[in-house]
Amino acid sequence: MPVMTISKAIALALAEEMERDASIVVYGEEVAVAGGTYGATAGLYERFGPQRVLDTPISEGVIAGSAVGAAMNGLRPVAEIMGINFAFLAMDQIVNHAAKVRSMFGGQFKCPLVIRTTSGGGRQLAATHSQTPDVIFAHFPGLYVVAPSTAADAKGLLKAAIRSDDPVMFIEQATMYSERGDVPDDKEFVLPIGKSDVKRQGGDVTLIAYSKTVGIALKAAQQLAAEGTECQVIDLRWLRPLDLEPVFESFKQTNRAVIVEEGWGTYGVGAEVATRLYEECFDYVDAPIQRVAQKEVPLPYNAELERYALPNVNDVLEAVKKVL
Amino acid sequence: MDQAAMLKLYQQMVEIRLLEEKCEELYQKGKIGGFMHLYIGQEATGVGVVSARQPHDNVITAYRDHGIALACGMESKIVLAEMLGKATGCCKGKGGSMHLADVNLKFWGGHAIVGAHIALATGIAWGDQYRGSDAVTFCFFGDGATNISYFHEGLNLAAVWKLPIVFVCENNKYGMWTPLEKVSAVTQMRRKAEAYGMPHAEVDGMDLLAVRAATEKAIAHVRAGNGPYFLESLTYRYRGHSMGDQRPYRTAEEIKKWQADDPIGQFEDVCLKAGIAQTALDAADKAVETTIAEAVAFAEESPAPALDEIWTDIYASVS
C-alpha cells in the first residue's frame with residue numbers, strides 16, 4: 001500500500017473522482033494554478049484544465065453560494081474555503097442555503113456539494129485564524145460534517161463526501177497535511193457516510209475523538225497501556241450524522257469514557273457525546289464522563305501560550321486518571 | 001407581437017394582480033401565515049422579462065416571488081396551496097409565500113435572505129455554461145439588495161467568469177420601509193454594474209412592452225457569450241414591504257402618481273389600440289376570476305401535509 005501525506009491523499013481522491021465523473025469541479029482561492037495553500041489540489045489544474053479547476057476572487061460568500069447554485073443545477077462542486085475561520089463569511093450560504101434548499105422547497109432540489117476547509121490551531125496565527133468551530137456546522141440538519149484523522153481516511157472520506165448527494169463540510173486539520181500514512185490505491189476505496197471507526201481496541205476506558213485529537217488519544221492510549229490500562233479509541237469521523245453505536249458498545253464494557261476535541265468544550269462534541277452516553281447507558285456509568293478540550297480563551301499568538309491552551313496528551317492522561 | 005400573444009401577457013398580469021389581492025384577503029383572514037410580500041404594481045417587470053425567455057432559461061428571485069412564479073408558468077392553485085401550507089403546494093407546504101419554486105419550470109425559487117440568491121444564480125448559470133448550454137439565467141432582486149456583499153461578490157464573479165446572467169434590478173424605491181436615497185450612495189442602481197465592467201440599461205418598469213424589448217436586448221448580449229448584463233427596471237410596489245407595513249413613510253399622492261401609470265391599465269390601452277376588442281379583454285378578466293376562485297377552492301380543500309412529512313426531504317441519500 002502506498003505511503004503518502006494527507007495532502008497527497010486528498011489530491012489523489014480529487015483526481016480519481018474527477019476522472020470518474022465529469023460533473024465534478026474544484027475551485028476556490030489559490031486552488032488552481034498554485035495547487036492549494038496546503039498542496040491538496042496540486043496537479044489538478046494541469047491535468048483537468050481551467051474549465052474544471054478554477055481560482056476564485058477572495059469572496060467566500062459567492063464561493064459557497066455558487067457551489068449551492070451549481071449543485072442545484074447538475075454539477076458536483078468541491079469548493080475550498082481556505083480556512084474555516086473564513087467560512088463564517090460564507091455561513092449564510094452554508095447553513096441557510098446548502099443545508100436547506102432541499103427541504104424548504106419540498107425535495108425538488110439536490111445539493112451535492114463539498115466544502116473543503118481547514119480547521120484547528122497550533123500555527124501561531126492568533127485568535128481569528130486558529131479556531132476549531134467544527135461543531136457549529138454539525139448543529140444544522142441538512143448538512144453532513146466529516147473530519148479525517150489519517151491519510152487513508154482522508155482519501156476514503158473525501159470520496160464518500162464527493163459521491164454524497166447532500167452537502168458535506170469536509171474539515172481538514174491545519175497541522176496534519178504533512179502527516180503520512182498507508183493509503184489504499186483502490187479507486188473504489190470509499191468509506192461509508194456516518195460511520196465511526198475503532199482505531200484501537202481496549203477494554204478499560206473508552207476514548208472518543210475525531211480529527212487531530214485521534215492522534216492525541218492514541219498516544220495517550222499507548223502510554224496508558226504501558227501502565228496496564230487498555231483504552232478503546234473511537235474516531236467519530238463524522239460529526240453529522242453522528243454514529244455512537246460503537247461508543248455505546250464499548251462504554252457498556254468499560255463503563256468509563258473521555259471525549260477529546262480540539263475546539264472549545266462548551267456546547268461541544270464532548271457535551272453531546274457525554275449527554276448521549278448518560279441517556280443511553282446510564283446504568284453502566286462508573287465514573288463521571290470527562291471532557292478534554294481547548295481552554296475557553298481566544299488562542300494567543302505566543303507559541304507557548306498557544307500550546308498551553310490547546311488540548312494535549314497529558315490532558316488526556318489526567319482525564320483518564322479521573323475516570324479510573 | 002400578434003394579438004393572441006398580447007392577450008396572453010395581459011391575462012398573465014391580471015392573474016398576478018387578482019391572485020395578490022386574494023392573498024391579501026386570505027392573509028387578513030389568517031389563512032396565510034408568516035411574512036408575505038405582494039407584487040402589485042410590479043407586474044410588467046416580471047411578465048415583461050420572463051415572457052422573453054426560452055423554456056430552458058432559468059429564473060431566480062427574492063421573497064416577493066408570487067408574480068414571478070406565475071410568470072414562469074406556475075398555476076395560481078399550486079401557489080395558493082403552498083401559501084395555505086398544504087401538501088399540494090409546490091413545496092408541500094414547507095416553503096410558504098417567500099419560497100415558491102418549480103424545478104420543472106426552471107424557476108429556482110423565491111429566496112428570502114436578501115441578496116443571497118444572487119450568489120446562487122452564479123452557480124446555476126455556471127452549471128449551464130459548463131455543459132455548453134446557451135441557457136440564460138435571470139436573477140431578479142430589489143434595489144435594497146444592492147448594498148449587501150452578495151451583490152458585489154456575485155456581480156464580480158459573474159463578470160470575471162463571463163457567466164450568462166441577466167441581473168434584473170426591480171427598483172421600487174424602497175428597501176423595506178426606507179427610501180433608496182437614504183441607504184444607497186448612488187440612486188441609479190445600474191451605475192453599480194459599472195464597477196464590474198458590465199453593460200447596463202434602464203427601463204420603464206410600468207411599460208410591459210418596453211421591459212420586454214429591453215430584456216430581448218439583454219438576452220441577445222448574454223446568449224452570444226458576452227457575459228452578464230444589468231437591467232434596471234423602474235417600478236413601484238403599491239402595497240407595503242410586507243403585510244405588517246402601514247406605509248407611513250410615503251404619501252398617498254406618491255402612490256397615486258404611480259398608479260396613474262398602472263402597468264395593466266397602460267397595457268390595456270396598448271391592446272385596444274392594437275385592435276384587440278374590449279370584449280376579449282373582458283373575457284380575459286372573467287377567465288382569471290374563475291381561475292382564482294378555483295385556485296382558492298383547490299387550496300382550501302387540499303389536505304394538510306402529514307406530521308411525519310417533517311422527516312422527509314432533508315437528505316437525498318441517507319435518512
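Helices (H or I, at least four residues) and strands (E, at least two) are taken here as DSSP runs, numbered from the N terminus. On that basis, Ile216(A) is found in helix H8 of chain A. The structure is a predicted model, in which local features need pLDDT of at least 70 and side-chain atom pairs count only at pLDDT 80 or more, while totals for chains, interfaces and linings use all residues. Residues are numbered from 1 along each chain as its sequence is written, and chains are lettered from A and ligands numbered from 1 in the order in which they are written.

Twelve helices and 14 strands are assigned to chain A. Along the principal axes, the C-alpha atoms of chain A fill a box of roughly 55 × 45 × 40 Å. Of the 324 residues in chain A, 57% are buried. A residue counts as buried if 20 or more other C-beta atoms lie within 10 Å of its own, as exposed if 12 or fewer do, and as partly exposed in between, with C-beta atoms placed from the backbone. Among the contacts in chain A with a separation of 6 or more, 78% are between residues 24 or more positions apart, a contact being two residues whose C-beta atoms, placed from the backbone, lie within 7 Å.

Two open sheets of chain A can be described next. One has seven strands in the order E3-E2-E4-E5-E7-E6-E12 (chain A), with mixed pairing; strands pair if DSSP finds at least two bridges between them. Strand E3 (53-55) and E12 of chain A are its edge strands, each pairing on one side only. From one strand to the next, the twist averages 20°; axes are lines fitted to C-alpha atoms, for helices over the stretch in contact, and angles run from 0 to 180 degrees between N-to-C directions. Strand E2 (residues 24-28) of chain A runs parallel to E3(A) and is joined to it by three bridges. Val26(A) has Val53(A) as its bridge partner in E3(A).

The other open sheet has five strands in the order E9-E11-E10-E13-E14 (chain A), again with mixed pairing. Its edges are strand E9 (197-200) and E14 of chain A, each of which pairs on one side only. Direction ignored, neighbouring strands of this sheet are turned by 25° against each other on average. E13(A) and E14(A) run parallel and are joined by four bridges, with Gln290(A) in E14(A) as the bridge partner of Val258(A). H9(A) lies across E9, E10, strand E11 (231-235) and E13 of chain A, and runs at about 155° to E10(A).

Helix H12 (residues 313-323) of chain A has Asp315(A), Val316(A), Ala319(A) and Val320(A) as its buried residues. These fall within an arc of 135° seen down the axis of H12(A), so they line one face of the helix; the arc is that of the directions from the helix axis to the C-beta atoms. They pack against strand E10 (205-209), helix H8 (212-226), strand E13 (257-264) and strand E14 (290-294) of chain A. Leaving out residues up to four places away in sequence, Ile216(A) touches Ala209(A), Val260(A), Pro311(A), Asn312(A), Val313(A) and Val316(A). Its C-alpha atom is separated by 9.9 Å from that of Glu262(A), 46 residues apart along the chain.

A few backbone details deserve a look. Most residues other than glycine have a negative phi, and most peptide bonds are trans. Arg240(A) and Pro241(A) are joined by a cis peptide bond with omega of about -5°, and Pro241(A) lies in the loop between strand E12 (238-240) and helix H9 (245-254) of chain A. Asn255(A), not a glycine, has a positive phi of about 65°; this residue lies in the loop between H9 and E13 of chain A and counts as partly exposed, with 17 C-beta neighbours inside 10 Å. Lys92(B) likewise has a positive phi, of about 60°, but is buried, with 21 other C-beta atoms within 10 Å.
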